[in-house]
Amino acid sequence: MASPSSLSPTDVPMELHALNRNKLLDSFRHHLSLSSRPLHGFVFLQGGEEQTRHCTDHIELFRQESYFVYLFGVKEPGFYGAIDIASGESMLFAPRLPADYAVWLGEIKPLSHFKERYMVSSVYYTDEISKVLHDQYKGSGKPSLYLLHGLNTDSNNYSKPADFEGIDNFVADLNTLHPILTECRVVKSALELALIQFANDISSEAHVEVMRKTKVGMKEYQLESLFQHHTYMYGGCRHCSYTCICATGDSSAVLHYGHAAAPNDKTLEDGDMALLDMGAEYHFYGSDITCSFPVNGKFTTDQSIVYNAVLRAHDAVISNLRPGVSWVDMHKLAERTVLESLKEERLLFGEIDAMVNERLGAVFMPHGLGHLLGIDTHDPGGYLQGAERPKEAGLKSLRTSRQLLEGMVITVEPGCYFIDALLLPAMENTRTSKYFNRDQISRFRGFGGVRIESDVYVTCDGCVNMTKCPREINEIEAVMAGAPWPINRTSIPSLSTKT
């Protein structure tokens, strides 16, 4: 019997993380030189720790802290890492495990294993950090430690600076590292792009498999299960990039459906649209893909109206992406395209420019157009230091306001939703009520919504869509009826910038 997958897990070269360290080192030394500071001290990070479920002894499945994994690639908990700014040498510090670890959790690996596995200069134990760094330091006075501390503009949480016994014998700098390391993560290397592409390939294939098997009467969580099975079984993806959103019917207008209070548990009804936002993570690098389709396999006229409005916006944005383009402008382009489509179908009246000025697009698409993607689904770097978020409706939800750079990976995810909490006030507002054709709009109450999301990377003169799902209505209907949709592994061409 033929395998339902044409893919298999790809090798992960640890050179990827060595290159990331060199990239940071070059940027860091440049910054220190510009500010007339000495080129010595250590970049020093603490990896993640295992967490138990509340007060129990159940250990949650560990996933490494993202900045730490960017530099070192370490999958195990309890590690620290350092980069000597003067010499460029990299060091890992591993936890000294108790003897009974070998009984319960497996072989206790020697330090030489981690040195070879993670391609670092040397490895020591965590109880040796203070002594090793002082011995390594060639400058005068206390050694400087550049610690990771800064704001994540998506979560409004701060990264945790490293802490260890003896840190008081160092000079701690909490301000320099975070913006430099964050900016390093914004532009991806060819090796990083290869992992993001594989995550996209296996996730695209899984979305197609879910489309084929979706039937009226199933539960939403069964669609989630099909996706997770395929990406793990055939792609080796133990983690998803985020909680799966498997929304059908009116739940497809709930932007972050799938959480504990709305756990993908509705029954698929004939006539429902499905909005499935699911992406797998491979070696920490993620994908973020949304497909929308009718659960019975055939689009109605109304479903086609909304779907094609979003598809036009999706395609318009992708055709305009290139270095130097403003992401705010791309969001406005998506809004305008959706509004034009709704006007063509007589759901809206009036001048499009006036609708844009009144921010009517935010009624139908309250979220931002997309976000940077990498080790985190919402990768950091969306707002440079000092940059202000837009304050207008819709635009204030943007996760970045930057101009695009070659090597960025960003999601393009326009949507069109009929959300009573937004639609009804806009239809009653004296400034915006005149734009709505109430008779036509009323039949879409309870429709839910449509989102189409692809992951793209920006090239020197355009972009490449890394996502390979069927998008046109005829393609979706054909796949759901059993037509083939082969997905072959993609190689990443070298970027003109050698990152």
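Author: Let us begin with a charged pair: the side chains of Asp302 and Arg443 meet in a salt bridge (2.8 Å, N to O). The term salt bridge denotes a side-chain nitrogen of Lys or Arg within 4 Å of a carboxyl oxygen of Asp or Glu. This pair links distant parts of the chain, 141 residues apart: Asp302 is in helix 9 (residues 301–320), and Arg443 is in the loop between helix 14 (438–442) and strand 14 (449–451). Helices (H or I, at least four residues) and strands (E, at least two) are DSSP runs, numbered from the N terminus. This is a predicted model, in which local features need pLDDT of at least 70 and side-chain atom pairs count only at pLDDT 80 or more, while totals for chains, interfaces and linings use all residues. Residues are numbered from 1 along each chain as its sequence is written, and side-chain values use heavy atoms, with hydrogens and water left out.

Reader: How many salt bridges does the structure hold?

Author: In general, side chains of opposite charge can pair when their charged atoms come close. The structure holds 23 salt bridges. One of them joins Asp127 and Arg96, at 2.8 Å from N to O. Asp127 lies in the loop between strand 4 (122–125) and helix 5 (129–136), and Arg96 in the loop between strand 3 (90–94) and helix 3, so the pair ties together parts that are 31 residues apart in sequence.

Reader: Are Asp127 and Arg96 exposed or partly exposed?

Author: The terms rest on relative accessible area: buried means under 20%, exposed over 50%, and partly exposed in between (1.4 Å probe, protein chains only). Asp127 counts as exposed, at 53%, whereas Arg96 counts as partly exposed, at 47%.

Reader: What separates Asp135 and Lys131 in helix 5?

Author: An α-helix has 3.6 residues a turn, so residues three or four places apart point the same way. Asp135 and Lys131 are four residues apart in helix 5, and are therefore separated by about one helical turn. Their side chains meet in a salt bridge (2.8 Å, N to O). Lys131 is exposed at 58% relative accessibility, and Asp135 is partly exposed at 49%.

Reader: How is the length of helix 7 to be read, and how many of its residues are buried?

Author: The expected span of a helix is 1.5 Å times one less than its number of residues. Helix 7 (residues 190–213) has 24 residues and reaches 35 Å from its first C-alpha to its last, close to the 34 Å expected. Of those 24 residues, 19 are buried, so helix 7 is largely enclosed by the rest of the structure.

Reader: How many disulfides does a search of the whole structure find?

Author: A disulfide is a covalent bond between the sulfur atoms of two cysteines. The cut-off applied to a pair of cysteine sulfur atoms is within 2.5 Å. The search finds zero disulfides. Cys244 is in none, and its nearest cysteine sulfur, that of Cys240, is 4.0 Å away. Cys244 is buried, at 1% relative accessibility.

Reader: Which backbone angles deserve attention?

Author: Most residues other than glycine have a negative phi, and most peptide bonds are trans. Phe284, however, has a phi near 75°, a positive value. Phe284 is placed in the loop between strand 10 (280–281) and strand 11 (289–294), and is buried with a relative accessible area of 10%. Arg359 likewise has a positive phi, near 60°. Arg359 lies in the loop between helix 11 (352–357) and helix 12 (361–364), and is buried at 13%.

Reader: Which polar atom pairs involve the side chains of Tyr80 and Asn264?

Author: A polar contact is a pair of N or O atoms within 3.5 Å; within protein, one must be able to donate a hydrogen and the other to accept it, and residues adjacent in sequence count only if both atoms are side-chain atoms. A polar atom of the Tyr80 side chain lies 2.7 Å from the backbone oxygen of Asp163. Tyr80 lies in strand 2 (residues 80–84) and is buried, at 9%. The side chain of Asn264 reaches the backbone nitrogen of Cys246 at 3.0 Å. Asn264, in the loop between strand 8 (245–248) and strand 9 (273–278), is buried with a relative accessible area of 1%.
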